[in-house]
Amino acid sequence: MREYKNRYGDVFTFTEDENHDVLWEGNFEYCRIGMPNDYTRAYEAYLKDKEGSQSLMTLTQFKSAVHHYDEETLSYDYPEYIQMVDCLRDEIEMVDPSGGPYLNRGMSLDNLGFEKFIIQDFEKIDTGYKIITEKCPYCNQASGHKMSCSTQKIQINL
Ligand SMILES: [Zn+2]
């Protein structure tokens with residue numbers, strides 16, 4: 001178990017469970033959470049409008065372009081699509097208790113003492129949040145591999 005004291009002196013604990021996820025517990029009374037955007041509806045509308053066009057944006061390009069706000073014209077580049085960007089209300093992408101630490105999907109837990117652990121997702125639990133970590137699909141380790149892992153054998157044989 002690791003302890004983390006934030007800017008306001010609140011103490012959070014981080015505990016690895018048997019599945020190599022990390023339980024993040026403490027006082028989350030003043031906490032901001034972020035839910036991921038869902039671009040499905042907006043991107044489908046874009047594809048439909050631009051049907052037959054030679055230069056279509058990929059979904060990745062679209063995700064970035066749709067949020068672009070032009071400071072000179074004071075408008076979005078694609079106002080018709082930005083309002084179709086939905087929010088996945090039952091998913092958590094970011095957790096930010098007042099005073100920190102700010103944690104987001106894709107971030108590393110190195111600074112909190114879990115070397116090479118990467119945040120894949122968050123689940124709300126009674127005492128805080130369970131941080132679902134990225135794991136090897138073969139040996140289920142969040143950091144490195146078991147000696148018996150097939151990816152490990154491939155690396156040794158190279
Ligand atoms: Zn592995």
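**Domain organisation, sheet pairing and nonpolar cores**

In the domain assignment, the chain is divided into domain 1, comprising 2-35 + 89-157, and domain 2, comprising 37-87. The model is a predicted one. Taken over C-alpha atoms, the centres of domain 1 and domain 2 are separated by 32 Å.

An open sheet is formed by three strands in the order S4-S9-S10, with antiparallel pairing. Strand S4 (31-34) and strand S10 (103-104) are its edge strands, each pairing on one side only. Strand S4 runs antiparallel to strand S9 (residues 94-97), and the two are joined by four bridges. Within this arrangement, Ile33 is placed opposite Val95 of S9.

The largest nonpolar core consists of 14 residues, and the residues with the most contacts inside it are Val22, Trp24, Leu109, Phe117, Tyr129 and Ile131. At least two residues of this core are supplied by each of strand S2 (11-16), strand S3 (22-25), strand S11 (119-125) and strand S12 (128-133). When residues up to four places away in sequence are not counted, Val22 touches Phe14, Thr15, Glu16, Leu109, Phe114, Phe117, Ile131 and Thr133.

Glu51 is located in the loop between helix H1 (40-49) and helix H2 (59-65). This residue counts as exposed because it has 8 C-beta neighbours inside 10 Å, the criterion for exposure being 12 or fewer. Between Glu51 and Tyr138, the C-alpha to C-alpha distance is 41 Å, and the separation in sequence is 87 residues.

Note on methods: Residues are numbered from 1 along each chain as its sequence is written. This is a predicted model: local features need pLDDT of at least 70, side-chain atom pairs count only at pLDDT 80 or more; totals for chains, interfaces and linings use all residues. Two strands pair if DSSP finds at least two bridges between them. Domain bounds come from an automatic or database domain assignment. A residue is buried if 20 or more other C-beta atoms lie within 10 Å of its own, exposed if 12 or fewer, and partly exposed in between; C-beta atoms are placed from the backbone. A nonpolar core is a set of buried Ala, Val, Leu, Ile, Met, Phe, Trp, Tyr and Cys residues joined through C-beta atoms within 7 Å. Two residues are in contact if their C-beta atoms, placed from the backbone, lie within 7 Å.
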